[in-house]
Amino acid sequence: MAFKKKFTPRKKFCRFCADKALPLDYKRADILRDFVNERGKIIARRITGTCAHHQRKLTVEIKRSRQMALMIYTATHACDVKKKSVL
Amino acid sequence: MRKFETLLLLSPELSSETRASLLAGLKGVVEREGGKVIVEDAWGIRDLAYPVKKQMRGFYVRLEYTGPGALIAELERNIRIAEGVFKFVTVKLADAVEEVA
């Protein structure tokens, strides 16, 4: 008899729907940083729990803040990677 | 009349008066095209997330203004001509903004 699954995932909710005052803005990179993983990639909706409407606005804002050098595109930039000297 | 906001990333090496003259020029363009600058908010020099034109720091200025739609093409043409502007982004904040003055 299959016992009930012990693991009950915590209730995911959309932070922007719940807290209206939370500004969804490319200038506020500190808030957007919660929705980006450590390598700078945007985290999926099913993990953060944001609703479709806010996720669409979120991706636009993150891409704008990346363009204005407020957020990183990738963790390791081309100039940091040591170029192999071609001998 | 629409409300816009432009965030400018300027070179950190610009001296303050060249920066002031550049901003005055941009504000002049806004006034000339029938717009009105509401806020000019300088964030100062900040560290960048990645090197831009071999610089790790940049001077951010945010301009908030109202004006007709055609104003943006003219303003961005001036920004592109201007020296020392690394990046800029223009965002429409509000559509029908009645004249407050």
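## Surface charge

A:R10, A:K11, A:K12 and A:R46 together make up a positive surface patch. Patch members have over 30% relative accessible area and no salt bridge, with like charges joined within 9 Å; Lys and Arg count as positive, and a charge is placed at NZ of Lys or CZ of Arg. A:R46 sits in helix α3 (residues 45-48) of chain A, helices being DSSP runs (H or I) of at least four residues and strands (E) of at least two. With 65% relative accessibility, A:R46 is classed as exposed (exposed is over 50%, buried under 20%, partly exposed in between, with a 1.4 Å probe and protein chains only).

The model is predicted: local features need pLDDT of at least 70 and side-chain atom pairs 80 or more, while totals for chains, interfaces and linings use all residues. Residues are numbered from 1 along each chain as its sequence is written, chains are lettered from A and ligands numbered from 1 in the order written, and side-chain values use heavy atoms, without hydrogens and water.

## Strands of chain B

Strand β3 (residues 55-67) of chain B is largely enclosed by the rest of the structure, because 11 of its 13 residues are buried. Strand β1 (residues 2-10) of chain B pairs with β3(B) in the antiparallel sense over nine bridges; pairing requires at least two DSSP bridges. Within this pairing, B:E5 has B:E64 as its bridge partner in β3(B).

Strand β2 (residues 36-52) of chain B also runs antiparallel to β3(B), joined by 11 bridges. B:V52 is opposite B:Q55 in β3(B). The two strands β2(B) and β3(B) form a hairpin with two residues between them, and B:K53 in the turn has a positive phi of about 50 degrees.

## Salt bridges

Over all chains there are 16 salt bridges, each a side-chain nitrogen of Lys or Arg within 4 Å of a carboxyl oxygen of Asp or Glu. One of them links B:E5 to A:K27, with closest N and O atoms 2.7 Å apart. This pair joins two chains, because B:E5 lies in strand β1 of chain B and A:K27 in the loop between α1 (15-18) and α2 (29-32) of chain A. B:E5 is buried at 2% relative accessibility, and A:K27 is buried at 16%.

B:E64 forms a salt bridge with B:R62, the closest N and O atoms being 2.6 Å apart. Salt bridges with shared partners connect A:D25, A:K27, B:K3, B:E5, B:D41, B:R62 and B:E64 into one network. B:E64 is buried at 12% relative accessible area, as is B:R62 at 13% relative accessibility.

Technical notes:
Patch = residues over 30% accessible without salt bridge, like charges linked within 9 Å, V, L, I, M, F, W, Y side chains within 5 Å. Areas by Shrake-Rupley, 256 points an atom, 1.4 Å probe, with all protein chains shown as cover.
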